[in-house]
Structure formats: structure tokens, C-alpha cells
Amino acid sequence: MAAGSPRIVIVGAGGWTFPVQLIRDILSFPALNGGVLALYDIDAQAAELTAKATGQLIEIGGLTTAVEVPADLRTALRGADFVLTVFQVGSVRAYAHDIEIPREYGIDQTVGDTLGPGGVFRGLRTIEALRVVAEAMRQECPGALLLNYANPMSPNIWATDLLGVRVIGLCHSVQNTAALLARELGVPLDEVTFDSAGVNHTAWFTTFRRGSDDLIPRIREVMSARHVDETIPMLDRPDDPYRSNERVRAELMQLTGYFHTESSHHASEYWAWFRKTPELTRHYLDRHWDNLEVSAAADKASRDQEIVAEARHGGLRHGGELAAPIMDSIVTGIPRVVYVNVSNGDLITNLPADACVELACVADARGVRPVRYGALPPACAALNQVQIAVQRLIVQAAMTGDRRLAHAAVALDPLTSALQTLPAIHEMTDRMLAAEAEWLPQFARG
């Protein structure tokens, strides 16, 4: 592949906002221009909307990148160098079942894309779709790198690796949380170095330094005082998309000794301690935030045009997501350290070898190579082990179509098991399997 001529395929290109954000990022790197952007979606009309915005961005940048909207997946993937998966299988219609059916059983999920009944079922749907993508990639572009953004990240990367394609999982939680901690401590982010490792949405900052200064003790002191003891006022953080306190993460830090990488709203879904009752939820979270409501109200066309308008005003600028710089490093050979999701092996020695882990990797002309971490602090590893047990069942259920494994994955989820009996969990899971059957063909085959 020559610099300036990659074929980049986005699968799920008709999605709300995120595909156009990633395309703006790609177009901001000169080495990624001059090739082809192939925009594929089962909703061809939505893909055409993305293509329209892409054409406007190309015009703004005075670029030569070609845009295609292929009619089928195999045509899109033929000869690809990079493939980005950004889809949400079943869109809002399937997502509503993930959230609304569990709520009838007292299980309230803020996002429902990582753990919980929603995370389990999104995984079952998405792994089946990734199977189709992987099979096509093995035929049409066997050397391509798949960069996956679809959640639940850990089961998706775990399964896709087993399906025999080169894959990494990308998320913005590590870099966003590093920026949050720098703001909370009042130190410049560009002067901070850190180590983070664990599983997606629950990786742990085990070092955080400014020069030779170890800032972990200050993180423990400041975050506890500001968000648990409330002896230091909260900062006004207008650039924080959640605009909320971090009591959940601060209490998890007090439990383990280390701060982790997902927002308190989202993290509150993963454990039984924070959402057992509406009153308890209000105690830990200072406002209601419901991603289903946000998704249902989304207007793709207007948001795409907002991104175009921003580019007209300020030019094509990288917005911070990792896909474009990783591809740039592979094309140009410029090395970058990035935090991504990969198969574990012996990278984190006290987590299972078959699990998917999130940790530092080096991206350069040789690809994306993980850096061995070693052992996590014991309490951090123990919490990750609980999540991995559910993730393994999601992968096995999705790949075999075994309904019993799907039931077990939901039943072993920490929040679900704390709130419901096994008979109620079985009933809820059967209802979700029936409601989402059109997106779960493996269970009809199984």
C-alpha cells in the first residue's frame, strides 16, 4: 500500500454522527488522502447522506479522495487496506428492547452496551454481524486491519479474533479520562504520562505522572474529597459530555486504589452497589442520563451538517478518535502509542489468556503491536475477572447459538443477579430473545 492511496471501508457508514466524525479525522491526515473511502450500510439511503457530507468535507479540504457507496458488502471490502466497523445492529428499534424490557424487571441501564442485559444482547447481535464481515474480509481483503468501534467492545474483539481476521478495538475512554484527571488535578495534559490496563470501560490508571512526580496519591486525595467527602467543590467542566460528578468512580477507586476509565453514569451499570433502587441511583448520580432517549431523538442529517459547518469555519481537524492516527502510523511509519483492545495472551498476566484486554500498543509500519503490561493490582484484576466471565459467555452464546449460554450470561451479570431471581431472569431473557429474533439468526440455527 502506497502512502496516500489506502482503500478505507466504513461498515455502518449510515450511522448517526460518528461516521462523519471519523471521516473528518481521516481527511485531516495527508497520508490517508488520495485513495478511496467506501461507505457501506444496509441502509443505502443513510450511506448516501454520509457520502454527501463526505463530498462537502473533501471539497473544503481541496482533496482528491474518491468516495464510493457500494451496493453490497463484498464489493465494498474488495481490496481494502483498512475496515472500520461502526454499526449498531437493529438500530434504535433493537436498542429499545435492550433497555425497555429489563426496566419492567427493575433493571435500569443508562447505556446498556457493555454489561447488563442490554450489553449481553447487543453483543449477541453484533457478533453475528461481525461474523458476516469477517467471512467477507477473509475472501476479499485477507490482509486488511479491522478497526472496530462497535460495542460491547471486549466480546466483539474476542469473537472477531476467533473468526480469523486482524482486529483491534478502539474506544475513547482512556484518553477522555486522562484529560479529566488532568483537569481535576489542575495539571497540563501534555505534561502527563500514564499507564492504563484492564478491560474496555474498566481499565485502570496504575501510574499517572508529571515528570518525576507520582500523581496517583493526589488523584486519590482530590477525587475522594471532591466526589465522595465533598470537602472540595466540584469543578465546572463544560467540556465534559456527562457534566456530572464522579462519585461512582471515586468509590471504586477507594475500593481498588486506582481510578478507572469509564464515566460514573456508565460504570454504575456494571456493579450491584450503585443502582439497586432509584433512591440509591440518585444518591450516586446527580442527574438522569438516558442514552436511549438521546439515540431516539438523533437527527443524522442536521448533525452531519454541523460537522461540515465546523470544518468550513475551522478547517479539517482531527477530533481525537484513534482510528485515523493509527492508520496514519501504519501508512507513514510514524510511531504512536495508543490504547486499544486486543487479545490478551500473556499481556496482563493475572487476567485470562483468552480474554480481550485494553492496554498500550505501538502503531507503526509493522502494524499495531501490544506492549506487555504484567500483573494488575489484585482488586482491579478481581473486578475485571467478574466482567470477563460474562464476556466469555456472550462470545460462546453468540458463536454457538446456545440459548442456555445466553441465559447464563444475563444471569451472571452483577446488577441483574442483585435485582432479580433466576425465574424472573429466565423470563426476561426469553422475552428479549423473542423480541430480537430477527437480528439473532444463530439461535434459530442453534
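**Close-up 1. The lining of the largest cavity holds three nonpolar, four polar and no charged residues.** Here Ala, Val, Leu, Ile, Met, Phe, Trp, Tyr, Cys and Pro count as nonpolar, Asp, Glu, Lys and Arg as charged, and the others, Gly among them, as polar. This is a predicted model, in which local features need pLDDT of at least 70 and side-chain atom pairs count only at pLDDT 80 or more, while totals for chains, interfaces and linings use all residues. Residues are numbered from 1 along each chain as its sequence is written, and side-chain values use heavy atoms, with hydrogens and water left out. Lining the cavity are Thr-114, Pro-152, Met-153, Ser-154, Pro-155, Asn-200 and Gln-391. Helix α6 (residues 153-162) gives the largest share of this lining, three residues. The volume is about 40 Å³, and a search of the whole structure finds one cavity of 30 Å³ or more. A cavity is a set of points, on a 1 Å grid over the protein atoms alone, where a 1.4 Å probe fits but cannot get out; lining residues have an atom within 4 Å of a point. Grid points are joined across faces, edges and corners, and a volume is the space filled by probe spheres set on the points.

**Close-up 2. A cis peptide bond leads from Asn-151 to Pro-152.** Its omega is near 0°. Pro-152 sits in the loop between β5 (145-148) and α6. Helices (H or I, at least four residues) and strands (E, at least two) are DSSP runs, numbered from the N terminus.

**Close-up 3. Helices α5 and α6 pack at an angle of about 30°.** Their axes, lines fitted to C-alpha atoms over the stretch in contact, are 10 Å apart. Angles run from 0 to 180 degrees between N-to-C directions. The two helices are therefore roughly parallel to each other (angles under 35 degrees; over 145 is roughly antiparallel, 65 to 115 roughly perpendicular and the rest oblique). On the α5 side, Gly-123, Thr-126, Ile-127 and Leu-130 meet Pro-155, Asn-156, Ala-159 and Thr-160 of α6, where contact means heavy atoms within 4.5 Å. This contact has four nonpolar, four polar and no charged residues.

**Close-up 4. Helix α5 (residues 116-140) also crosses helix α16 (residues 403-412), at roughly 150°.** The axes come within 8 Å. That crossing makes α5 roughly antiparallel to α16. From α5, Pro-117, Val-120, Phe-121 and Leu-124 meet Ala-406, Ala-409 and Val-410 in α16.

Notes:
On a 1 Å grid over the protein atoms alone, a cavity is a set of points where a 1.4 Å probe fits but cannot get out, and a pocket is an open set with protein on both sides within 12 Å along at least five of seven lines; lining residues have an atom within 4 Å of a point.
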